[in-house]
Amino acid sequence: MLERLVARAGDPSCVQDWRTEAFRVIAPGAKRLPSIAAPIVQESASTAHPSAWACIATPVHFTAGMRSVTMATDGILNLAPGEATELSADFNRVFGGAGVRLSVSRGALLSCLFDGAIEVATSDPEEVAGNDVFGFQPTGPDGARLRRLMSEMEMWLFDHPVNRARAAQARQPITGLWLWGGAIAGEAMPSVRGWCAGQDPFFGAFGSEHEYPCAAGSGVVVCAEQPGSNEWLEAERRWLLPAVAALRSGRLKRLELSAADRRFSVGKGPNLRFWRRPRPWWESYGIQ
């Protein structure tokens, strides 16, 4: 279905930041994308220090080589809620008094909340996956502090009970927590209308639909599943097929399909590209 839709779409648009593009769908009046962790700071407003700063702490798997440390291509890991709770409690016990705590929100999403403001630039782990991590580490005035904390987290996670349990289940161990997407307390959030679905740390704060809404409207679905995989078939059934039906009926004006740095747009109007044969989805998106 994805490949057929892309074959019948117009030429792709270049997308520099997919979250910014997607956020305009549910917040058309927003001038900019809020910080990724801004919703987390708001959730913690009642317990956070007035000058608090928060960031996402994504569990990852690193591979150490002779001269480099690489995040595996499948190195962004999922946690069970119980694992996240156990890691949070143990981190706060071990690192208590250091001006930072690990918290759990929205299921198994981990975040670090610092008592004071942090001035740093970070990278989305999606950009890091499959690469040497050196060029993606935190930079800026407080970059060294975050890099040091991330190194200490790696040592803390080594032979952690959560990892021993994961090994017993033949699951990848958590070798680090990638800190990114920071936000300060009090960051203003624009008004949002529309719906969201998926496990994205940012869009998950604006709703979590489990099925395509019957009353079609503006929405964002973030799918981490690999097209063609067994997991993708469920995502296709739940989101893509109903969206195509809504497009054909006129309840949906446009369907945008984004991956890597390309976005294809499919409308209900006359299809002038019916002759174009589908090709593998990764070729259409320029993914090697």
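I am working with a predicted model, in which local features need pLDDT of at least 70 and side-chain atom pairs count only at pLDDT 80 or more, while totals for chains, interfaces and linings use all residues. Residues are numbered from 1 along each chain as its sequence is written, and side-chain values use heavy atoms, with hydrogens and water left out.

I then found 4 antiparallel bridges from β2 to strand β5 (residues 109-114), with Cys55 facing Cys112 as its bridge partner. Strand β3 (residues 69-76) is also antiparallel to β2, again through 4 bridges, and the two form a hairpin with 4 residues between them; here Ala64 has Val69 as its bridge partner.

I checked burial (under 20% relative accessible area, 1.4 Å probe, protein chains only): 10 of the 12 residues of β2 (residues 53-64) are buried, so this strand is largely enclosed by the rest of the structure.

I turned next to an open sheet of 3 strands, which has the order β1-β10-β9 with antiparallel pairing. Its edge strands are β1 (13-14) and β9 (254-259), each pairing on one side only. I counted 2 bridges between β1 and β10 (residues 262-267), and Cys14 stands opposite Arg262.

How values were computed:
Two strands pair if DSSP finds at least two bridges between them. Buried means under 20% relative accessible area, exposed over 50%, partly exposed in between (1.4 Å probe, protein chains only).
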